[in-house]
Amino acid sequence: GKQRKRKKRKRGNVIDYVIAADFMYPETPGLHGDVSLEAGHPAADAFFDVAEGLCTGKHTKCLFAFEVRGEWMVPKFLECAQARFRKVKSIGREILPEMYRRDHIEMYELMK
């Protein structure tokens with residue numbers, strides 16, 4: 001039969017995944033209102049600048065996992081992430097092996 005030519009997609013320097021784990025902490029222990037990942041805070045800006053910069057292709061996925069150390073963490077993360085990424089999706093615990101399903105662990109997939 002006829003042999004079909006496969007067109008190879010040229011990817012260049014495209015990164016498939018960016019992974020960040022356990023990166024959110026209160027700046028001052030006990031003061032949850034002043035967090036290092038607060039929108040507009042230099043540490044938050046630098047962190048998300050790097051994550052955004054590593055997303056070199058439209059299909060690059062950023063996978064973020066963190067331990068929730070206070071009620072402020074998820075809203076602050078979402079505020080920062082939604083300001084920079086077009087897709088911010090929670091990754092459900094049900095897809096993980098049982099030993100990694102924890103109520104205090106959050107995981108998200110972000111895409112530019």
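## A helix across a four-stranded sheet

Helix α2 (residues 73-84) lies across the strands β2 (61-67), β3 and β4, and runs at about 5° to β4. The model described here is predicted.

The helix itself comes first. α2 has twelve residues, and the distance from its first C-alpha to its last is 17 Å. This is close to the 16 Å expected at 1.5 Å a residue. The buried residues of α2 are M73, V74, K76, F77, C80 and A81. Seen down the axis of α2, these buried residues fall within an arc of 165°, so they line one face of the helix. Q82 and A83, on the other side of α2, are exposed.

Next is the sheet. Strands of a sheet pair through backbone hydrogen bonds, and the pairing is either parallel or antiparallel. In this model, four strands form an open sheet with mixed pairing, in the order β1-β2-β4-β3. β1 (17-21) and β3 (87-90) are the edge strands, each of which pairs on one side only. On average, neighbouring strands of this sheet are turned by 20° against each other, with direction ignored.

Two of the pairings can be set side by side.

| Strand pair | Sense | Bridges |
|---|---|---|
| β1 and β2 | parallel | five bridges |
| β3 and β4 (residues 105-111) | antiparallel | four bridges |

V18 and A20 make up its covered face, while Y17, I19 and A21 make up the uncovered one.

The last topic is cysteine. How many disulfides does a search of the whole structure find? The search finds zero. C55 has a relative accessible area of 3% and is buried. C62 is buried as well, with a relative accessible area of 0%. Both values lie under 20%, the cut-off for calling a residue buried. C80, in helix α2, is another buried residue.

In summary, α2 lies across β2, β3 and β4, and its buried residues line one face of the helix.

How values were computed. Residues numbered from 1 in each chain as written. Predicted model: local features only at pLDDT ≥ 70, side-chain atom pairs only at ≥ 80, totals over all residues. Heavy atoms only, no water. Pairing = 2+ DSSP bridges. Helix = DSSP H or I, 4+ residues; strand = E, 2+ residues; numbered from the N terminus. Axes fitted to C-alpha atoms, helices over the stretch in contact; angles between N-to-C directions. Contact = heavy atoms within 4.5 Å. Expected span 1.5 Å × (residues − 1). Buried < 20%, exposed > 50% of the residue type's maximum accessible area, 1.4 Å probe, protein only. Arc of directions from axis to C-beta. Disulfide = S-S within 2.5 Å.
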